[in-house]
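Take a look at the model below.

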Amino acid sequence: MASQAHLDKMAVRQNYRNLWHTDLMSTMRADPGYCCLSAICAPCISYMLRKRALYGDMSRYTCCGGYMPCSGRCGESNCPEFCLCTEVFLCFGNSVASTRFMLQDEFNIQTSQCDNCIIGFMFCIQQLACIFSIVACITGMEELQEASQILSCFADLVYCTVCACMQTQHKVEMDKRDGKFGPQPAMAVPPPQQMSRMDQSVPPSVGYPPPPAYGQPYGYPPPQNQGYPPAAYPPPAGAYPPQGYPPAGYPR
């Protein structure tokens, strides 16, 4: 019954529509330091990511996320930290996959075709290396044994690299969930503005006419509270030019 439930959940997982914030090919560019740390200290990173995926609540912990027959029967309720530590060291691959499934189920994240190809390539190389090792042990051929060892080393390298990228992918996704991408740009949030009150008096005019409507010349139409042109313009006859202008001796 439990295996059938897991198969049903895997079928449902194929219909998810959300995508990872960073695919496996871009994890090295997204967080190179964490990707290198995941390759060097893989079990420790898996421990921290699983605990973080559970929001720090270890009472919710189940061995391998409930996907293995031993899940729920390893005394997780009595000492979840010790059980998780044992899981990440003895069942490292399952610990990474369980954290991945938890995040996918929480955020409805599908695995892209590129990620599926990378993970499938990792599994194929591991199976091929295992087959070469078995054949080399049966035949006893030195050339085949050397080829088997080379292929096994290559499979281990691919496995460590892909697992490091997967854990970095999980970390970036949880950074997105927890809002830990850093401060927002300065232009993202507009500064607060001072708003005027409805009961605030209008400041007195300083002698300039109000700005005209768009497309009209400045000063048109004239203000309604005074005539236009002003009464003092043009000056009355005889008032311009003033008396004594131009001064005597000024060339005409």
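## Helix 6

The buried residues of helix 6 are Phe92, Ser95, Val96, Ser98, Thr99, Arg100, Leu103 and Gln104. Buried means under 20% relative accessible area, exposed means over 50%, and partly exposed is in between (1.4 Å probe, protein chains only). Helices are DSSP runs of H or I with at least four residues, numbered from the N terminus. This is a predicted model: local features need pLDDT of at least 70, side-chain atom pairs count only at pLDDT 80 or more, and totals for chains, interfaces and linings use all residues. Residues are numbered from 1 along each chain as its sequence is written, and side-chain values use heavy atoms, with hydrogens and water left out.

Helix 6 covers residues 92–107, which makes 16 residues. From first C-alpha to last, helix 6 reaches 23 Å. That is close to the 22 Å expected at 1.5 Å a residue; the expected span is 1.5 Å times one less than the number of residues. Next comes Asn108, with a positive phi near 55°.

## Salt bridges

Side chains of opposite charge can pair when their charged atoms come close. In a salt bridge, a side-chain nitrogen of Lys or Arg lies within 4 Å of a carboxyl oxygen of Asp or Glu. A search of the whole structure finds eight of them.

Glu87 sits in helix 5 (residues 80–90) and Arg50 in helix 4 (residues 42–53), so the pair ties together parts that are 37 residues apart in sequence.

## A charged network

Arg177 and Glu106 also meet through their side chains in a salt bridge, at 3.8 Å from N to O. This pair links distant parts of the chain: Arg177 is in helix 8 (residues 142–178), Glu106 is in helix 6, and they are 71 residues apart. Glu106 is partly exposed, at 34% relative accessibility.

Asp175 and Lys171 form another salt bridge, with 2.9 Å from N to O. These two are four residues apart in helix 8, so about one helical turn separates them. Asp175 is buried at 7%, and Lys171 is buried at 15%. Salt bridges with shared partners join Asp31, Arg52, Glu106, Lys171, Asp175, Arg177 and Asp178 into one network.

## Helix 4 meets helix 8

How do helix 4 and helix 8 cross, and at what angle? Their axes come within 11 Å and cross at roughly 30°. Axes are lines fitted to C-alpha atoms, for helices over the stretch in contact, and angles run from 0 to 180 degrees between N-to-C directions. The two helices are therefore roughly parallel. Angles under 35 degrees count as roughly parallel, over 145 as roughly antiparallel, 65 to 115 as roughly perpendicular and the rest as oblique.

Contact means heavy atoms within 4.5 Å. On the helix 4 side, the residues that meet helix 8 are Ala42, Ile45, Ser46, Leu49, Arg52 and Ala53. Their partners in helix 8 are Gln167, His170, Lys171, Met174, Asp175, Arg177 and Asp178.

## Met25 in its loop

Met25 lies in the loop between helix 1 (2–13) and helix 2 (27–30). Met25 is exposed, at 58% relative accessibility. Leaving aside neighbours within four places in sequence, Met25 is in contact with Cys114 and Ile118. Met25 and Asp115 are 90 residues apart in sequence, and 8.0 Å apart in space from C-alpha to C-alpha.
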